[in-house]
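This briefing covers pockets, helix packing and strand pairing. Please read it beside the sequence and the coordinates.

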Amino acid sequence: MVARALHWFIRSVITRLVRIRPQGLEHLPPGGPYILAANHLAFWDAPIIYGLVGGPHLTGWAAEKYRYNPIWGTILRMGSGVFIERGAVDRDALGAAVAWLRQGKVFG
């Protein structure tokens, strides 16, 4: 329920702040499991993708440095974000991604 509310909120904010013309969403499978890969160029890419595709069935990796950030860490936990240590082999984060996919969900 929290993920649905977060998805609604982010989608509402994004559609009011920027004009987005997504293309190709019709090619996404109706359900998981699948991996959604995006060309991540800026900080705002992840919230935009979450706003367009997100919900309780979507999660992805987030930099470990945000885990204890009072704002971003809270939002990422609400959206079921998986924290990953960049520049290292983070087996816990890899295992969390595999577990998420085994549940038939989408990992971005």
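A residue counts as buried under 20% relative accessible area, as exposed over 50%, and as partly exposed in between, with a 1.4 Å probe and protein chains only. Helices (H or I, at least four residues) and strands (E, at least two) are DSSP runs, numbered from the N terminus. The model is predicted: local features need pLDDT of at least 70, side-chain atom pairs count only at pLDDT 80 or more, and totals for chains, interfaces and linings use all residues. Residues are numbered from 1 along each chain as its sequence is written, and side-chain values use heavy atoms, with hydrogens and water left out.

**Helices**
- In α2, the buried residues are D45, P47, Y50, G51 and V53.
- These buried α2 residues pack against α1, β1 and β2, where contact means heavy atoms within 4.5 Å.
- The 16 residues of α1 reach 22 Å from first C-alpha to last, close to the 22 Å expected at 1.5 Å a residue; the expected span is 1.5 Å times one less than the number of residues.
- A3, L6, H7, I10, S12 and I14 are the buried residues of α1, and their cover includes α2 and α3.

**Pockets**
- On a 1 Å grid over the protein atoms alone, a pocket is an open set of points where a 1.4 Å probe fits, with protein on both sides within 12 Å along at least five of seven lines; lining residues have an atom within 4 Å of a point.
- The largest pocket has a volume of about 1200 Å³, a volume being the space filled by probe spheres set on the points, which are joined across faces, edges and corners.
- Its lining has 37 residues, with F43, D45, A46, P47 and L76 nearest the centre.
- Elements giving two or more residues to this lining are α1 (2-17), α2 (45-53), β2 (58-59), β3 (61-63) and α3 (72-78).
- By class, the lining of the largest pocket has 29 nonpolar, 6 polar and 2 charged residues; Ala, Val, Leu, Ile, Met, Phe, Trp, Tyr, Cys and Pro count as nonpolar, Asp, Glu, Lys and Arg as charged, and the others, Gly among them, as polar.
- The second largest pocket holds about 270 Å³.
- P22, L25, I48, I49 and L52 are the closest to its centre among 14 lining residues.

**Sheet**
- Three strands form an open sheet in the order β1-β5-β2, with parallel pairing; two strands pair if DSSP finds at least two bridges between them.
- β1 (34-35) and β2 are at the edges with a single partner strand each, so one side of each has no neighbour in the sheet.
- β1 pairs with β5 (residues 106-107) over 2 bridges, and I35 stands opposite F107 in β5.
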